[in-house]
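Biologist: Before we discuss the architecture, please show the sequence and the structure.

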Amino acid sequence: MQHSNTQDTLVGLFVAAGIAGLFFLALQVSNLSSFTEQEGYTITARFENSGGLKVKSPVSAAGVKIGQVSNISFDPKTFESIVKMRINAEYKTIPEDTTASIFTAGLLGEQYVSLEPGGADEYLKDNGNIEITQSAIILEKAIGQFLFKSAEEKK
Amino acid sequence: MLAFIQTLGKNTRASFTKLGRATFFLLHTITGIIDIMPRPRLLLNQLYSVGVLSFLIISISGLFVGMVLGLQGYYILSDFGAEETLGVMVAASLVRELGPVVSALLFAGRAGSALTAEIGLMKATEQLSGMEMMAVDPIKRIISPRFLAGFISMPLLAALFSAIGIIGGQIVGTGLLGVDDGAYWSQMQAKIDFQDDIINGVIKSLVFGFVSSWIALFEGYDAVPTSEGVSRATTRTVVNSAFSILGLDFVLTALMFGDD
């Protein structure tokens, strides 16, 4: 009986350790803790070019992550990129005349949407639109322009 | 020439009959799981010998694999000035690939070979026939609990392997090499996705647990009941498990991480 009890304890410890490992992976390692798919609202912005932006790219305001990109699609009429963003429910007071820009975190880092709040008294609602946008800076384009300019100056 | 074709045909037929036997064996084992539900003691004993006894080798290997990943990753990433992303590299490679695969290989070597030898010896010493004589179904009484124990233990062991590996990478990365501790964790949390990475890793280890327990138990049950037969069956278990784990890993990876 004694032997069997120690065995039970060891099996219990093993299973508990395994489940603890899974929880560790889920909570400490992955993004589950910031998983807010349910609560929040969606806003849309149209960009001339959304560059390397991807679904799940962060949306931040003043450097703080307030949501993520939920969908990116192409508008065949206006040839624009339609970016849908899911904003966490706790940030309800984003003014209507907010500017959305696509920036790159670091030189080679991933791209994210940065919201710069305007001064309007009305706030963005669910399925609201951001009118003022600034496209992603395409590095190749910028380098091309720079080279072109310096060639012009030399003439 | 004729002899060659004859051997080819014989071998093909032999491998197909073996596959057929293995499938029936598997079905019998799975239906047997229902019958061991009222007797959890059988399962508990097997969880001890399959899971608890593999615990030490899995955790120590996980620690060292994580530490090596930390070292190697640091040397390569520091060339690009991207040491901060060490956490992502360690966690992604462990959770997606190394955790499930290496722990399954260790599991096949540690627990699978033991299972084959045990069942093979039971068969050689006619314990299994003895049970049949007493109208006890040896598959239900002996095989099913072991199969279920392997199936349950594998994801737990793989999760432990990954978790301990990530901590090992952190010990080396932030403790020895001076990567920022906050960056190690926050980059990891930003990039590792619960659905895509963790759940897929768990699915992988469930598949590996299923396959390697199946192979180990079937090889034991199907062994030629002599000392030589048991020894060959044990070898086959380890070799076949390794092959199927690595082959299935490729297929699963292609299916899971294909898009994006």
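**Sheet, domains and chain contact**

Modeller: In this predicted model, eight strands of chain A form an open sheet with mixed pairing, in the order S7-S1-S4-S3-S2-S6-S5-S8.

Biologist: Which strands stand at the edges of this sheet?

Modeller: An edge strand has a single partner strand, so one of its sides is left without a neighbour in the sheet.

Biologist: In which sense does S6(A) pair with S2(A), and in which with S5(A)?

Modeller: Strand S2 (residues 58–61) of chain A is joined to strand S6 (residues 111–116) of chain A over three bridges in the parallel sense; there Ala61(A) stands opposite Leu115(A). The six bridges between S5(A) and S6(A) belong to a pairing that is antiparallel.

Biologist: Which residue in S4(A) is the bridge partner of Ile43(A)?

Modeller: Strand S1 (residues 41–47) of chain A and strand S4 (residues 80–87) of chain A run antiparallel and are joined by seven bridges. Within this pairing, the partner of Ile43(A) in S4(A) is Met85(A).

Biologist: What distance separates the centres of the two domains of chain A?

Modeller: The domain assignment gives domain 1 (2–33) and domain 2 (37–143). Taken over C-alpha atoms, their centres are separated by 41 Å.

Biologist: Turning to chain B, how are H1(B) and H5(B) oriented towards each other?

Modeller: Helix H1 (residues 2–36) of chain B packs against helix H5 (residues 138–176) of chain B with the axes 8 Å apart and at an angle of about 95°. Since angles of 65 to 115 degrees count as such, this makes the two helices roughly perpendicular.

Biologist: Which residues of H1(B) make this contact?

Modeller: On the side of H5(B), the residues include Ile139(B), Ile143(B) and Phe147(B). The contact residues of both helices divide into seven nonpolar, four polar and two charged. H1(B) contributes His28(B), Thr29(B), Gly32(B), Ile33(B), Asp35(B) and Ile36(B).

Biologist: Which element of chain B gives the most residues to the side that touches chain A?

Modeller: The contact takes 18 residues from chain A and 23 from chain B. By class, the side of chain B has 18 nonpolar, three polar and two charged residues. With seven residues, the element that gives the most is H5(B).

Technical notes:
Residues numbered from 1 in each chain as written. Chains lettered and ligands numbered in written order. Predicted model: local features only at pLDDT ≥ 70, side-chain atom pairs only at ≥ 80, totals over all residues. Domains from an automatic or database assignment. Axes fitted to C-alpha atoms, helices over the stretch in contact; angles between N-to-C directions. Helix = DSSP H or I, 4+ residues; strand = E, 2+ residues; numbered from the N terminus. Parallel < 35°, antiparallel > 145°, perpendicular 65-115°, else oblique. Contact = placed C-beta atoms within 7 Å. Nonpolar A, V, L, I, M, F, W, Y, C, P; charged D, E, K, R; others polar. Pairing = 2+ DSSP bridges.
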